[in-house]
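Have a look at the sequence and the 3D structure here. Let's walk through the overall layout, then the confidence, then one residue up close.

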Amino acid sequence: MMTKLCFSMASALIFSFFSSSLAAHSGHDHGSDVAVLEVTNAQVREFLPGSTSTVGYLTLINHSGAAATLTKATIDGLGRVEIHEHSHVDGMMKMQQVESVEIKAHESVSFQPGGYHLMVFEPQEPLKVGQERKLTLYFSDGNRLFTNAQVVSLEAQATQSKPSTQHAHH
Ligand SMILES: [Cu+2]
């Protein structure tokens, strides 16, 4: 559990982790046309009182030479998960649902405050801090990626992520 928390630092760290694992991978062949993907630091925030939605974050790393396209995500025990992105429009932070997110060859995409995030709705039972929920990521080539998303508190999420968290979310 501590290891997970240590991984959940800023993307600078994740990028250095990325380059070192690339070096480690250079000795063998993953196959050129199959996307080899890794997900780290998956977390979903507990629902705040009276709120019908919450957010999830993660980092997707593409170790392969082919781009991968994330098209869908599901989390056990949650009725609906949407992929959203934030953008600045006329100085205002807005968010919108997106159909897909591309992770280019040998690059990574961080879902984090102010950028891409998972928007999570309809809990079948309350999320409790410290729980893990199975997260499934679906890709356009038919691949799926599984991981456990850690349920975190608002406080834990706020201290981990530097970019603006104070904007209203739904
Ligand atoms: Cu959103």
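## Order of the elements

Start at the N terminus and follow the chain: the elements run α-α-β-β-β-β-β-β-β-β-β-β-α. That comes to three helices and 10 strands. Keep in mind that this is a predicted model.

## Contacts and burial

How much of the protein counts as buried? The figure is 24% of its 170 residues.

Now for who touches whom. Take the contacts between residues at least 6 apart in sequence: 71% of them join residues at least 24 apart.

The mean pLDDT of the protein is 80, and 73% of the residues reach 70 or more. Residues 1-31 are another story, as pLDDT stays under 50 there. For that stretch, the model has 20 contacts beyond four places in sequence.

Residues 164-170 also have a pLDDT below 50. Leaving out near neighbours in sequence, this stretch has seven contacts in the model.

## A closer look at Gly79

Find Gly79 in strand E4, which covers residues 78-89. Is Gly79 buried or exposed? Gly79 counts as exposed because it has 11 C-beta neighbours inside 10 Å, and the cut-off for exposed is 12 or fewer.

Which residues does Gly79 touch, if you skip those up to four places away in sequence? They are Phe121, Glu122 and Gln124.

Terms used: Residues are numbered from 1 along each chain as its sequence is written. This is a predicted model: local features need pLDDT of at least 70, side-chain atom pairs count only at pLDDT 80 or more; totals for chains, interfaces and linings use all residues. Helices (H or I, at least four residues) and strands (E, at least two) are DSSP runs, numbered from the N terminus. A residue is buried if 20 or more other C-beta atoms lie within 10 Å of its own, exposed if 12 or fewer, and partly exposed in between; C-beta atoms are placed from the backbone. Two residues are in contact if their C-beta atoms, placed from the backbone, lie within 7 Å. pLDDT is the predictor's confidence in each residue, from 0 to 100.
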